[in-house]
Amino acid sequence: MGVSFDKVDGVIWSAGSKGPSLKFEIQPATNPTSEKERAARLVDPGFGRIFTDHMAVVRYNQAKGWHGARVESRANFPLDPAAAVLHYAQEIFEGLKAYTRDDGGVNLFRPDANARRFHNSAERMAMAPLPEPVFIEAVEQLVRIDRAWIPGGEGSLYLRPFMIASEVFLGVKPSAEYIFAVIASPVGSYFKGGPAPVSIWVSENYTRAAIGGTGAVKCGGNYAASLRAQAEAIDHGCDQVVFLDAVERRYIEELGGMNVFFVFDDGSLLTPPLGTILPGITRDSIIALAKDSGTRVREEVYTIDQWRADAASGKLKEAFACGTAAVISPIGKVCSASGDFLISGGAAGPVAMGLRRKLVDIQYGRAADPHNWIRKVL
Ligand SMILES: Cc1ncc(COP(=O)(O)O)c(C=O)c1O
């Protein structure tokens, strides 16, 4: 049962982002990790180095559309050396988490938002857009079969859906074939002993995204291009890099893998507007939660000079970064070629910590879910 796509000017498009789902064939691993070994790996899983026993895979070609949906043993992909992704980086991905509730069930947080963003990423990268229900079904099936891998406590199961261009052809054009897959990695609490403030380096040599580019989508190339700037941040003793806009080189955009918020003395929040930044799902959720409690939230441009001046005058009370992996990280120190400055004396602030607690409580099912963000998988 394939999903039909049409071709317009050689670019594959879908009639609608919703579309039907596919029936997944479930083939459990014949030699899964033993319970003892799994328990040992879950003691201190860290981030992104330990993987579960299975993966979900769906394939696309022009004749069959999306087809061959399976959940199977996690294994290498046989990939021809001329596969398009290896040459022209036609690749997109997502990141979301499954959380264990106190009653033993399992929550996904806003998987529909990830499915939509993945769809948008595919369109921008001229890839076959995956119907959103197929994305969600693949994620849910993988969580169900690998549920024993979800760590307890403040841990979670990080899910990594991705799509690669697999056509064997060296011409520069949209691939005619794709592989969509989801893998899963148990992760511990991002911060042991509570969120520690991060220091960030303002990149003046490198930019991340320009208008008309790919900054607003989650394609691998964006991250490859950010690594040099991140290495520069580390060289300067900082944890993360923050990028400025590519035109005037003064407006704050975002970190390499997180959006950013500013908290002012009147209690209001400011975050850079969408356009060249990734539309973070955590960002969107924080805006909604802040507005729920009557906080004014502006999505407006903010310059690095203003940031420095507001930190010095005391007008700026806090700054924090946000994303799926760490939820909210307070920013304690900002460093740049023209000098360093501290925020909230370098400590975690109450607004960042309060929003973090609210969001985490919803994710783990410990608090009411007024926006219907939670999808119970089990
Ligand atoms: C560049 C970038 N910005 C922001 C985010 C935060 O997005 P989300 O809250 O959806 O995880 C991420 C992480 O996915 C990212 O890679």
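Author: Helices (H or I, at least four residues) and strands (E, at least two) are DSSP runs, numbered from the N terminus. Thr-303, for instance, is found in the loop between β16 and α7. This is a predicted model, in which local features need pLDDT of at least 70 and side-chain atom pairs count only at pLDDT 80 or more, while totals for chains, interfaces and linings use all residues. Residues are numbered from 1 along each chain as its sequence is written, and side-chain values use heavy atoms, with hydrogens and water left out.

Reader: Happy to start there. Why is Thr-303 called buried?

Author: Its relative accessible area is 13%. Buried means under 20%, exposed over 50% and partly exposed in between, with a 1.4 Å probe and protein chains only. Thr-303 is therefore buried.

Reader: And what does Thr-303 touch, leaving out residues up to four places away in sequence?

Author: Arg-250, Tyr-251 and Ile-252. Contact means heavy atoms within 4.5 Å.

Reader: Let's move to the helices. What makes α6 and α8 roughly perpendicular to each other?

Author: The axes of α6 (residues 281–292) and α8 (residues 350–363) cross at roughly 110 degrees and come within 11 Å. Axes are lines fitted to C-alpha atoms, for helices over the stretch in contact, and angles run from 0 to 180 degrees between N-to-C directions. Under 35 degrees counts as roughly parallel, over 145 as roughly antiparallel, 65 to 115 as roughly perpendicular and the rest as oblique. The angle falls in the 65 to 115 range, so α6 and α8 are roughly perpendicular.

Reader: Which residues of α6 and α8 meet?

Author: From α6 come Thr-282, Ser-285, Ile-286, Leu-289 and Ala-290, and from α8 Leu-355, Lys-358, Leu-359 and Ile-362. By class, this contact has six nonpolar, two polar and one charged residues. Here Ala, Val, Leu, Ile, Met, Phe, Trp, Tyr, Cys and Pro count as nonpolar, Asp, Glu, Lys and Arg as charged, and the others, Gly among them, as polar.

Reader: Now the rings. How many aromatic pairs does the structure hold?

Author: There are 15 aromatic pairs. Rings of Phe, Tyr and Trp (its six-membered ring) pair if their centres lie within 6.5 Å, and planes under 30 degrees apart count as stacked, over 60 as edge-to-face and the rest as tilted.

Reader: Why is the pair of Phe-118 and Phe-135 called tilted?

Author: Their centres are 5.3 Å apart, with 50 degrees between the planes. That angle is neither stacked nor edge-to-face, so the pair is tilted. Phe-118 lies in α3 (residues 111–124) and Phe-135 in α4 (residues 132–145), 17 residues apart. Both Phe-118 and Phe-135 are buried.

Reader: What makes the pair of Phe-264 and Tyr-302 edge-to-face?

Author: Here the planes stand at 80 degrees, and the centres are 5.7 Å apart. The angle is over the edge-to-face limit, hence the name. Phe-264 lies in β14 (residues 259–264) and Tyr-302 in the loop between β16 (297–299) and α7 (304–313), so the pair ties together parts that are 38 residues apart in sequence.

Reader: How do you know that Phe-264 is buried, and that Tyr-302 is too?

Author: Phe-264 has a relative accessible area of 4%, and Tyr-302 has 5%. Ring pairs also link Phe-262, Phe-264, Tyr-302, Trp-307 and Phe-341 into a cluster.

Reader: And what lies over the face of Phe-51?

Author: Arg-74 does, at 4.3 Å from the ring centre. A charge sits over a ring if NZ of Lys or CZ of Arg is within 6 Å of the ring centre and within 35 degrees of the ring normal.

Reader: What makes the phi of Val-327 worth a mention?

Author: Most residues other than glycine have a negative phi, and most peptide bonds are trans. Val-327 is not a glycine, yet has a positive phi of about 65 degrees. Val-327 is found in strand β18 (residues 327–336) and counts as buried at 7% relative accessibility. Ala-126, in the loop between α3 and α4, has a positive phi of about 55 degrees.

Reader: One last one: why is His-87 called partly exposed?

Author: Its relative accessible area is 39%, so His-87 is partly exposed. His-87 lies in helix α2 (residues 85–88). Arg-41, found in helix α1 (residues 35–41), is partly exposed as well, with a relative accessible area of 31%.
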